[in-house]
Amino acid sequence: MNASRSDNLLRQQMLRWRDTDKVIRLPDMSIAPGESLGMMGPSGCGKSTWLRALLGESIGYARFTGELWVAGKEVSDLPIEQRGIGILLQDNPLFPHYSVRKNLAFALQRQGLSRAQQTAEIEQQLEAVGMAAAIDRLPGQLSGGQRARIGLLRTVMAAPALVLLDEPFSALDAERRVQVRDWTLAFLQQRGIASIIVSHDAEDLAAVTQQFKWPKEQN
Amino acid sequence: MIKRISWNIVLVALLALLALPWWFVLQGLSLQLPTPGAELWNYPGIGTALANSLLVGLLSTLLAAACASLIIACEAVSGRPGKNDVGTIFTAPHLAFAIAFLWLFTPFGWFDRLFPFAAGLVEQQSLVTLVIILVLKETPFLVVLGRQQLMQLPYQQWLLQGQALGTDRTRSWWLVVFPAWLRAMRLILFAVAIYSVAVVDLAQIAGPLNPPLLAPLLVGWQLQFDPLSQLLAQQATWLLIALGGVMVSWVVIQEWGLVRLLKLRIGRPPSRALIKALSGFSLYFSSATRLLFILISALTLAALLALSLGYGWFYPDLLPLEWQLKSWLDNADLILQLSLNTLGLGLLTAVIATASIIWLREWQRLNQRELPDLWLLLALFVPQLSLVIAWLGSDWSALLRSNHLSVLVAHSWFSFAYGYLVYAPTERNTTQSHLLTGRSLGYGYWRSWWHFKRPLMHSGIGYCFMVTFLVSVAQYVPTLLLGAGRLPTLTTELVAVSSGGEWRLPAVYATLLWFIAFVALMLVQLTRSKQNLARES
Amino acid sequence: MLFIALLQLVLVSRVQAQQTSAEPQTVFFYAWGGSESVNDYLRWAQTQLKTRHGIELQHVKVADIAEAVTILLAEGEQQTSNIDLLWINGENFKVLKDAGKLLPDLPERVPNSALLRDDLNWQTDFGVAVDGQELPWGIAQFQLIFRAPLLADHSLTNRVAVEDLLALAKRHPGRLSYPKPPAFHGTTWLKALAHELVHAPELLQQPPHKVNTAQVLQPLWDYLDQLHPYLWRQGREFPGSAEQQRQLFNHGTLDNAVTFNPNEIPALQQQLRLTPAATAVSLGSSALTNFHYLAIPRASDNSAAALTVINFMLSEAAQQRKAELNGWGDPMVIRAPTSAKPSLHAPLFPSHPEPHVEWTAVLEQEWLRRYQR
């Protein structure tokens with residue numbers, strides 16, 4: 001596998017359940033900027049655990065080993081906030097007690113922008129997703145589809161090299177789902193951000209660049 | 001239709017239980033306001049009394065809130081929630097805790113005898129002493145209830161989100177979780193703030209006495225019956241109510257200012273130095289204070305037990321002349337009877353208050369209507385003795401002929417406010433969707449509540465039950481005056497025997513009260529850990 | 001849930017049991033509960049009354065008897081009183097008497113009142129005529145308690161003059177204090193001190209509006225101005241009550257305390273409840289003396305039993321027991337039988353009476369004006 005400097009690599013990944021001692025070996029993966037990788041598997045198989053492990057969260061009931069390169073840099077031993085990985089969880093993606101503006105501002109703190117620049121940036125980004133009017137609303141005042149868009153926007157505005165999406169569309173109704181999915185993938189691709197999407201639904205992964213199936217457990 | 005009617009019947013009954021005492025208060029409370037020319041302002045030292053009360057209120061509320069915030073922050077960030085560490089102080093009866101604390105740490109006290117050259121002891125009867133005792137007592141209250149409020153927030157997820165956006169856990173805590181936690185704590189902080197200006201017994205033994213603080217001054221006037229004292233008492237009642245209002249505003253301002261300050265930081269580049277200092281400080285501070293709390297509570301408890309057993313223990317002796325179980329054994333019959341009264345009344349009160357609170361929250365959910373919290377917490381504002389004296393002078397006793405019933409109604413009424421401020425924020429942070437799902441499956445409202453919502457609310461209900469129980473256990477004024485001595489409890493006995501010049505017998509009752517409250521807390525924490533297990537599986 | 005229902009049942013049945021079986025003969029006696037010796041004595045009285053008269057004496061312990069006054073004042077005219085018997089004196093008695101709340105003619109209704117000593121002026125209570133609405137139960141004499149070595153250093157024995165007190169304070173700065181007026185004992189201290197200091201003490205027996213109070217009391221304030229800088233915390237802070245001062249005394253913070261019952265010193269010491277170093281002395285040549293009383297609310301529907309209780313309290317057996325030094329140590333108000341132990345015949349200190357009742361307010365208000373800031 002030839003990796004360029006900007007590639008994201010996952011190598012020798014292994015997930016071991018502490019109670020049963022079962023092991024899951026995941027294939028090596030390489031995701032170029034703007035590419036998306038889909039991981040399909042039934043509910044409860046451990047996909048979410050894997051994502052959380054990639055993010056860097058320590059998990060009580062399982063142990064993850066493997067090499068993780070993000071944008072050409074090994075991040076396996078870094079704390080979450082220094083890995084350059086963003087995540088979009090299936091529920092509660094926004095802080096409910098902060099307005100859309102504040103939610104998005106969270107993502108900008110490392111860029112050292114002035115307050116005015118920040119406001120301009122937020123307004124511009126909202127404009128781009130057609131939600132300029134929502135800037136001072138609370139998440140509770142938005143529709144599900146709008147929340148999903150703001151959630152992704154916030155994740156992306158933190159400028160990660162890799163975004164993890166955990167069943168990102170499951171809270172949406174069927175019609176909205178296809179719409180948001182296509183929008184999400186296009187949005188990530190357009191910004192050159194690599195992504196890993198896990199889902200139990202083949203529909204969600206119909207348009208990804210690479211597809212994987214969740215491997216079987218081994219002893 | 002029938003269901004509609006039964007909801008309404010309960011609503012009317014409950015509102016009557018909550019509102020009728022107010023009707024009686026209005027009957028008996030005189031409208032002597034402390035207007036600028038009022039006699040109250042001519043009382044010598046009233047300015048100092050008022051300023052000192054305010055200072056005690058502001059300082060102790062601010063410090064206790066700050067200590068509790070740092071402890072909670074450290075626990076949440078490190079992902080290690082504390083367990084039974086500060087519970088011992090939380091459950092200590094106020095008066096007993098203060099007595100033992102003063103006995104240990106004042107000049108000529110036990111530590112002074114042990115280390116004659118030790119510096120930094122606290123003076124008897126001073127503003128600083130009172131603030132220290134209040135902070136020591138209120139911080140654990142805030143920590144215990146704060147942990148419970150935190151559990152209702154998806155704070156782990158928020159911390160993770162924050163981290164995934166490039167913010168470390170400490171910063172994520174302060175910018176994201178803390179404002180939400182502080183909001184959930186608002187009602188509880190109201191109670192603490194009002195208590196710190198309305199407290200009488202602690203102020204009488206640990207606070208300044210020349211002049212006293214406003215609350216003990218008021219009680220002094222209320223128990224003198226010449227026309228001038230009665231007039232001063234009526235005017236001071238309103239002044240103290242106003243002071244309660246000031247304290248509530250202070251809590252709101254404190255929260256608003258802090259959250260505003262934090263919001264300013266959102267989107268700003270993190271200051272490494274500040275984060276490092278803050279996380280380091282909160283780590284050291286929190287471990288140090290926790291250790292201090294554990295140490296102080298262990299020492300005061302030991303001191304109290306020792307005081308109840310020690311005979312002939314005078315300055316400058318480090319140990320008493322004799323150890324005897326006599327005080328316990330001689331009073332065994334009485335102790336048993338008082339304990340039964342206390343437990344019976346406390347449990348009954350807790351059942352009534354908790355059921356009312358749960359019901360009223362559900363009514364608000366069902367009707368999509370939020371009753372303003374302040375209406376329900378109004379009972380906290382009026383000084384208790386003023387309320388009870390007003391009741392005595394009203395038709396209260398004509399309506400409630402039995403002393404026992406009278407006491408039970410008063411206990412339930414006072415407990416309601418405290419229980420509500422614990423339960424309501426928890427309930428608000430809990431989703432109603434499971435209950436709706438249950439109803440869509442064909443369950444009736446309360447069956448659905450029982451099967452689908454109650455399990456989510458275990459800790460909220462448990463804490464509400466415990467707090468209402470403890471409030472009932474701690475009542476002196478209503479139990480004695482409305483019960484007319486027919487229902488003596490451990491607390492009425494403790495307060496009566498504490499009015500003397502010795503600590504031995506008070507120590508016996510105080511130790512028992514401490515024990516009861518501690519068991520109550522342990523039982524509630526048991527339900528909490530059960531719920532955690534359920535959540536993880 | 002079942003447990004709670006059961007508990008409810010138990011509580012209700014207990015309440016009913018109390019109300020039915022004991023109704024006619026239970027006497028609810030409101031009395032200050034802060035003294036272990038008094039509480040023990042009342043417990044003894046309880047068993048005696050039960051076996052001798054079939055009366056259940058229920059001691060309702062209060063932190064301040066004013067709480068009982070609050071209850072009584074709030075009770076309506078037609079209402080049966082919750083209180084059957086009270087331990088009371090002074091201000092609280094005056095309030096209840098003025099409100100017409102007390103049962104009159106007690107001397108006629110209580111046979112043992114014939115035993116009361118003739119040499120005691122118990123007919124006025126803090127300047128208020130008793131008028132048969134209360135009967136004396138015990139005698140109070142105001143005295144000072146000191147740590148004995150302190151007095152020995154100055155070769156003082158059983159009497160401390162006001163000059164001695166000032167000298168003591170100067171020699172031991174920060175070690176002495178007094179209860180803060182208007183606490184009961186604090187005001188009493190002012191009265192006792194005034195008696196020693198004013199140029200014509202007999203003026204204090206007149207109503208204050210008939211004399212020039214400022215002039216009469218000037219020596220008292222001059223003295224306190226001199227004394228205060230040498231008191232505990234430079235006289236800027238005081239113990240809140242006699243009991244609080246007793247705690248500070250036992251604790252070691254202070255070297256003096258006050259008492260209304262000099263006999264209680266040996267009693268308390270015997271029971272290991274007061275430091276052996278304590279000794280009582282009188283302030284000046286005589287002690288301010290007053291009485292504490294028993295009274296019955298007019299609206300009690302149990303006054304017959306309450307009268308029996310008072311009669312018992314004034315019996316030789318009860319009074320002797322009360323005076324015993326290993327118990328309460330409160331002096332007898334009835335003539336001691338010849339068979340009684342010599343200690344029970346112990347003479348009282350020479351006494352001087354309370355000032356006219358209206359001086360109380362004058363002293364308290366002026367003290368607060370001068371020293372409370």
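This is a predicted model: local features need pLDDT of at least 70, side-chain atom pairs count only at pLDDT 80 or more; totals for chains, interfaces and linings use all residues.
User: OK, which domains does the assignment give for chain C?
Analyst: Domain 1 of chain C covers 24–133 + 290–348, and domain 2 covers 141–286 + 353–371. Their C-alpha centres lie 28 Å apart.

User: How many residues does the contact between them take from each side?
Analyst: It takes 15 residues from domain 1 of chain C and twelve residues from domain 2 of chain C. Two residues are in contact here if their C-beta atoms, placed from the backbone, lie within 7 Å.

User: And what classes are on the domain 1 side?
Analyst: Six nonpolar, eight polar and one charged. Ala, Val, Leu, Ile, Met, Phe, Trp, Tyr, Cys and Pro count as nonpolar, Asp, Glu, Lys and Arg as charged, and the others, Gly among them, as polar.

User: What does chain C look like overall, in helices and strands?
Analyst: Chain C has 14 helices and twelve strands. Those are DSSP runs numbered from the N terminus: helices are H or I with at least four residues, strands are E with at least two. The C-alpha atoms fill a box of roughly 65 × 55 × 45 Å along the principal axes.

User: How much of chain C is buried?
Analyst: 50% of its 373 residues. Buried means 20 or more other C-beta atoms within 10 Å of the residue's own, exposed means 12 or fewer, and partly exposed is in between, with C-beta atoms placed from the backbone. As for contacts in chain C with a separation of 6 or more, 76% are between residues 24 or more positions apart.

User: Which way do β7 and β10 of chain C run?
Analyst: Antiparallel, with four bridges joining β7 (residues 143–147) to β10 (residues 278–283) of chain C. R147(C) stands opposite A278(C) in β10(C).

User: Switching to chain B: what are its domains?
Analyst: Domain 1 of chain B is 1–31 + 323–537 and domain 2 is 48–308. Between them, 38 residues of domain 1 of chain B are in contact with 38 residues of domain 2 of chain B.

User: Which element gives the most to the domain 1 side there?
Analyst: α24(B), with twelve residues. By class, that side has 26 nonpolar, ten polar and two charged residues.

User: Where does helix α8 of chain B bend?
Analyst: At V177(B), by about 45 degrees, and P179(B), a proline, follows within four residues. The bend is the angle between axes fitted to the seven residues ending there and the seven starting there. Helix α8(B) is mostly covered, with 13 of its 16 residues buried.

User: Last one, how many residues of chain A are in contact with chain B?
Analyst: 23 residues of chain A, against 20 residues of chain B. The largest share of the chain A side, three residues, comes from β7(A).

Key:
Residues are numbered from 1 along each chain as its sequence is written. Chains are lettered from A and ligands numbered from 1 in the order in which they are written. Domain bounds come from an automatic or database domain assignment. Two strands pair if DSSP finds at least two bridges between them.
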